[in-house]
Amino acid sequence: MKTIIIKYPAGNVQSVLFSLERIGIQAKVTDSKESIQNAEKIILPGVGEANFAMKYLKEKKLDLLLSELKQPVLGICLGMQLLCKFSEESSTPCIGIFDSFVKKFLSFDRNKKIPQIGWNTIQKLKGPLFENIPNGSYQYFVHSYYVPLGKYTTAKTEYIVTYSAALQKNNFYAVQFHPEKSSYVGHKILENFIRL
């Protein structure tokens with residue numbers, strides 16, 4: 001099976017690679033259009049800044065390529081946000097798979113610091129990505145921006161507000177949390193994606 005991790009300015013590529021290795025998947029990190037087009041599974045990882053990441057994707061014309069893909073695609077954290085229509089981070093137009101606007105957390109509670117860093121439960125799980133995943137499972141989050149609940153929401157969580165922990169539209173899947181850093185349950189979610 002050809003699994004591709006898209007190469008772009010994102011910080012968790014090695015973590016995703018190692019996590020896939022633990023479930024027996026050898027993936028390739030590349031920004032080659034041909035390799036991406038011929039892959040069976042594609043992962044858009046992400047730890048970084050939306051505008052900087054989108055500039056890179058646009059320079060390589062990967063934003064256009066991504067929107068045309070028919071095989072399963074998984075966006076992780078920033079990767080999820082880039083698959084949306086627009087991000088408040090640096091007022092960034094994104095790829096637009098999901099007709100969703102990414103918003104910045106606003107907190108007036110000293111106990112609710114931004115970014116959210118740490119473990120949180122995911123609820124109301126729907127779709128094949130969450131097959132055999134218990135409702136209320138913990139996942140690891142690190143982010144300052146979020147996607148509100150909407151028609152593509154397949155899991156939700158709460159921090160300051162209730163928001164989308166995961167999205168799905170056709171062959172596009174996305175999670176705000178980091179399955180590669182979320183122990184057994186996170187690895188199982190990656191395994192479910194690879195089996196799609």
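1. On a 1 Å grid over the protein atoms alone, a pocket is an open set of points where a 1.4 Å probe fits, with protein on both sides within 12 Å along at least five of seven lines, and its lining residues have an atom within 4 Å of a point. The model is predicted, so local features need pLDDT of at least 70 and side-chain atom pairs count only at pLDDT 80 or more, while totals for chains, interfaces and linings use all residues. Residues are numbered from 1 along each chain as its sequence is written, and side-chain values use heavy atoms, with hydrogens and water left out.

2. The largest pocket is lined by 14 residues, and those nearest its centre are Gly48, Cys77, Val142, His143 and Ser144. Its volume is about 180 Å³, a volume being the space filled by probe spheres set on the grid points, which are joined across faces, edges and corners. Six nonpolar, seven polar and one charged residues make up the lining, where Ala, Val, Leu, Ile, Met, Phe, Trp, Tyr, Cys and Pro count as nonpolar, Asp, Glu, Lys and Arg as charged, and the others, Gly among them, as polar. At least two lining residues come from each of α5 (78-82) and β9 (138-143); helices (H or I, at least four residues) and strands (E, at least two) are DSSP runs, numbered from the N terminus.

3. In helix α3 (residues 50-59), Ala50, Ala53, Met54, Tyr56 and Leu57 are buried, that is, under 20% relative accessible area with a 1.4 Å probe and protein chains only, exposed being over 50% and partly exposed in between. These residues lie on the same side of α3 because they cover an arc of only 160 degrees around the axis, the arc being that of the directions from the helix axis to the C-beta atoms. On the other side of α3, Phe52, Lys55 and Glu59 are exposed.

4. Just after the helix, Lys61 takes a positive phi of about 60 degrees.

5. Helix α1 (residues 13-22) has Val13, Val16, Leu17, Ser19 and Leu20 buried. Seen down the axis, the buried residues of α1 fall within an arc of 165 degrees, so they line one face of the helix. Just after α1, Gly24 takes a positive phi of about 85 degrees.

6. Ser164 sits in strand β12 (residues 161-169) and counts as buried because its relative accessibility is 0%.
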